[in-house]
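Here is a short tour for you to follow with the structure open beside the text. We will go from helix packing to a few loop residues.

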Amino acid sequence: MKESKRLLGVLVVMLGLVLAGCSNEKEVELRKQAYEDTEFLMGTYVSLRIYNEGKEDVLEDGFNVVRELADKITGETVESDISKINAAAGDHAVVVSEPVYELLKIADSYSDEMDGQFNYAIGSITNLWRIGFDDARKPSQEEIDQALLAIDFTEVTFNDEEQSVYLPNEAMALDLGAIAKGYIADQVRDLFEEEGITSAIIDLGGNVFVMGGSPSRDGEVWRVGIQDPLGVRGSSVGSTVQSDRSIVTSGIYERYLEVDGQLYHHLMDPKTGYPFDNEIAGVSIISEDSVDGDTLSTLVFGLGVEAGLDYINSRDDVDAVFITKDNKVYLSEGIKNNFELTNQSYTLVEE
């Protein structure tokens, strides 16, 4: 598999401002220099940083969570639960592990709630394009039309008692790429919380969770820089102040295929079988849980700026930053007073 290095969706640095009225009930000893490590997992660079004194051993526990879940969820290894489900399509149900079953039910719920705009049964399409892998190609229209007949997620059959999953159409295939990292990031966060971690950064390459605040002073928060989707790695468009929040970014810069001078990114439209084609270059979702950010980043990317903003503004639990191909930045209502534009190449659209 080609090392498709997904650009980091967010840049996290410490902010030297104290939240008004913020205080700790008990003293927590934090380090200026984090315990940290980075590994290449799930086709991206996974970095974990812990700032609590004496918690270095928890780093390895965190990576173990990522490894174990990735091995069960990815469709790239024949031993994974998802690969076994796909291989048994049209033949028999497959009993899966508890976390995979839980994730599949979450993905099914989101697909239903979003009327298929988010679709975890899109594997027959993504397997055609293979964007991000050495064998990526642009499939023929005939292939795409045939694959579109096998992405009806409502056909997926669950058996809660047996904890099994069955695909009745032999051409069907599940793909959890648009939700897996969010789910895994949340599991690492839960582990850290159980281990008493109060200050940490969980970075799964585009899925970032900032726990607590900066270690430099009690009560501080994190300043999160939003990746410039049209710039080089590490460049940002602006920043927002966040604590105990997930920031998930999807964009056209992450993985793409070039054919005859045209770029095709990896975010697929379940209605057409082609990558979404609209004005968005990147979108960042800020939410309490990373699994929500993962699914919503795909959903609103496909909706476009206007409909995407309407959807985000209809909810009070998430916010979004939209960046368009013509260098404009649009903000959801809840973040308008918590975003600073720092890149003069972009224009903040006030609405």
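How are α6 and α7 oriented to each other, roughly parallel or roughly antiparallel? In this predicted model, the axes of α6 (residues 180-194) and α7 (residues 290-303) cross at roughly 165°. Angles over 145 degrees count as roughly antiparallel, and α6 and α7 are therefore roughly antiparallel to each other.

**Two partners of α6**

The crossing of α6 and α7 is right-handed. On the α6 side, the contact is made by Ala180, Lys181, Gly182, Tyr183, Ala185 and Asp186, and on the α7 side by Ser290, Val291 and Asp294.

From α1, the contact draws on Val58, Asp61, Gly62, Val65, Val66, Leu69, Ala70 and Ile73, while α6 supplies Ala180, Tyr183, Ile184, Gln187, Val188, Leu191 and Phe192. Here the residues divide into twelve nonpolar, two polar and one charged.

The two pairs can be set side by side:

| Helix pair | Axes come within | Crossing angle |
|---|---|---|
| α6 and α7 | 7 Å | roughly 165° |

Have a look next at Ile179, which sits in the loop between β6 (164-166) and α6. Is Ile179 buried or exposed? Ile179 is buried, with a relative accessible area of 0%. Leaving aside residues up to four places away in sequence, Ile179 touches Leu103, Ile106, Ala107, Tyr110, Phe118, Val291, Asp294 and Thr295.

Which residues of α8 (residues 305-313) are buried? They are Val305, Gly308, Leu309 and Ile312. Viewed down the axis of α8, the buried residues fall within an arc of 100°, so they line one face of the helix. Turned away from that buried side is a face with the exposed residues Glu306 and Asp310. The cover over the buried residues of α8 includes β14 (280-287), α7, β15 (318-324) and β16 (328-331).

**Two loop residues with positive phi**

Most residues other than glycine have a negative phi. Asp244 is not a glycine, but has a positive phi of about 50°. Its place is the loop between β10 (236-242) and β11 (245-251), and Asp244 is partly exposed, with a relative accessible area of 37%. Asn327 likewise has a positive phi, near 65°. The loop between β15 and β16 holds Asn327, and this residue is partly exposed with a relative accessible area of 23%. Those two strands, β15 and β16, are among the elements covering the buried residues of α8.

**The whole chain**

Stepping back, the secondary structure comes to eight helices and 18 strands. Of the 351 residues in the protein, 53% are buried. Among contacts with a separation of 6 or more, 62% join residues 24 or more positions apart.

Notes. Residues numbered from 1 in each chain as written. Predicted model: local features only at pLDDT ≥ 70, side-chain atom pairs only at ≥ 80, totals over all residues. Heavy atoms only, no water. Axes fitted to C-alpha atoms, helices over the stretch in contact; angles between N-to-C directions. Helix = DSSP H or I, 4+ residues; strand = E, 2+ residues; numbered from the N terminus. Parallel < 35°, antiparallel > 145°, perpendicular 65-115°, else oblique. Left-handed = near helix turned anticlockwise from the far one by under 90°. Contact = heavy atoms within 4.5 Å. Buried < 20%, exposed > 50% of the residue type's maximum accessible area, 1.4 Å probe, protein only. Arc of directions from axis to C-beta. Nonpolar A, V, L, I, M, F, W, Y, C, P; charged D, E, K, R; others polar.
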